[in-house]
Amino acid sequence: MGKDSGELKEYQPLLKDFKEPSLLLAVWAAGIGGTFQCGYNTSIINAPTKAVQSFINQTWTERYNTEISSQVLTLLWSTIVSIFTLGGLVGASVGGTLAIRFGRKGTLLFNNTFALLAAFFMGLSYPSSTFELLIVGRFLTGVNAGIAICVQPMYIGEIAPRALRGAMAMGTSIFITGGILTGQVIGLNELLGKEEYWPILLSTVCIPAIMQLLTLPWFPESPRYLLIDRGDDVACKKALMWFHGPDKYHGEKEDIERERVSAGGIKPKKPWELFTDTSLRWQLLTLVVIHMSQQLNGINAIYFYADYVFTQAGIPAAKIPYATVGTGACECITALTCGLLIESLGRRALIIGGYFLMSVCCVCFTIALTFQVYPWVPYLSMMCVFAFILSFGLGPGGVTNILTTELFTQTSRPAAYMIGGSINWIAFFFIGMIFPFIVNGLKQYCFLVFLVVCCLVATYIFFVVPETKNKTFLEIQSEFQSRKNLVLHLGCVHTNEYG
């Protein structure tokens, strides 16, 4: 008792100034070098397209004394763009393992190494006349993004108090959309979008990494990791006091203690062990469904069509980049809105409502693309673009990562993020490969495919996924176990009646 009192006195002056603000600052420090990089590197590559292609052509001519063919140029440029997704898959595949070995905070700090190396290689590509360094740099940015999407939600979800877990975990989505918007703005001609600035533009990925390296070390490691994985009770208590204050940390400590007892000394599971654990069957199926649908729901198709829609609406070509910035701002605003609503409306209402609204938008967009002969239709298409993005950001875009945190306990969570992240990146790569064929084959009816996906996912969540708001991780696990027992019971009744 005396030791506890001494620790309270030691941290009292510090904790007086850092209660809720410390949580917000921790989210910012984790996010700026985390999922912000994912969004930033997704959008930053669009602005220098022509400049980089011109550089490749010039380098090829100097190196081989002949101009590059259009097919080879397209292949090289596609490789530079798409290698990011393969890097993301690699990062997601190792992120959970790194989070177990080095801790959540330690992995986020180590992850900045990939961003700094990427900035170095991409910045060096122009003076060294080596376009291959762009491929290396983009792969490294993908690894950085894959690890960040895997580890940052774990860190934020584990430091958050139960009552604020949803709102704080929205930091993942907010920083992704904020990164997309920042990349779009930085890529404008008025800033770094001019042709001669492209090496500097691509090298700016080092700035968020440096900012995180300067800020995140001041914050503690995840209390759950410290107690359950490391067995360090003292460090866990200090971290909880830092984040929640000396008068509020006891309830969180009790929750973590109960989870540690429930784990019973079980080591963190490997991804393949989740597939063989029948007690996690429904959680794992839900994980696969929500992560796969996040890429297959049509959001990337909407961004693909945005330029076409804006052109049809009569927006001058020079102004289209600014309209595109509007789409990024739209998604960023909805992520913030979702963060404000998630603790009042709950996870289920937002994600089911989001998919329902996206379904309606798919129908409207199909109608708009079918009847382009009318002068007002392009403006209906514009409304559909913004409405679809709003619906995605309000529901699936924000809630998916929160559910991944909440559906699993400490021993299963790193492996769950590795599986979910891998599925997300594979689906991202898959939709990028097949979407042009879907468009060519179905034309304006391609959005009916996404309509089916959105409807099926909303139906699945409605019948299978419980509300997780303000519940402990053990309570959520217990609800899934109850549903599993109910299914087994109904199956037995069915067998007895008809067997």
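The second largest pocket has a volume of about 220 Å³. This is a predicted model, with local features needing pLDDT of at least 70 and side-chain atom pairs counting only at pLDDT 80 or more, while totals for chains, interfaces and linings use all residues. Residues are numbered from 1 along each chain as its sequence is written, and side-chain values use heavy atoms, without hydrogens and water.

**Second largest pocket**
- Its lining includes Leu24, Val27, Trp28, Met168, Met170, Ile174, Phe175, Leu336 and Leu340.
- Helix 2 (20-32), helix 8 (165-169), helix 9 (171-186) and helix 18 (320-345) each supply at least two lining residues. Helices are DSSP runs (H or I, at least four residues), numbered from the N terminus.
- Ten lining residues are nonpolar, two are polar and none is charged.

**Cavities**
- There are three cavities of 30 Å³ or more. A cavity is a set of points on a 1 Å grid where a 1.4 Å probe fits but cannot get out; a pocket is an open set with protein on both sides within 12 Å along at least five of seven lines; lining residues have an atom within 4 Å of a point.
- The largest cavity holds about 60 Å³.
- Arg162, Arg165, Arg224, Glu252 and Asp255 are among the residues lining the largest cavity.
- That lining has five charged, two polar and two nonpolar residues.

**Helices 20 and 21**
- The axes of helix 20 (residues 377-394) and helix 21 (residues 396-406) come within 4 Å and cross at roughly 20°.
- Helix 20 is therefore roughly parallel to helix 21 (angles under 35 degrees).
- Ser391, Phe392 and Gly393 in helix 20 meet Pro396, Gly397 and Gly398 in helix 21 (heavy atoms within 4.5 Å).

Note on methods. Points joined across faces, edges and corners; volume = space filled by probe spheres on them. Nonpolar A, V, L, I, M, F, W, Y, C, P; charged D, E, K, R; others polar. Axes fitted to C-alpha atoms, helices over the stretch in contact; angles between N-to-C directions. Parallel < 35°, antiparallel > 145°, perpendicular 65-115°, else oblique.
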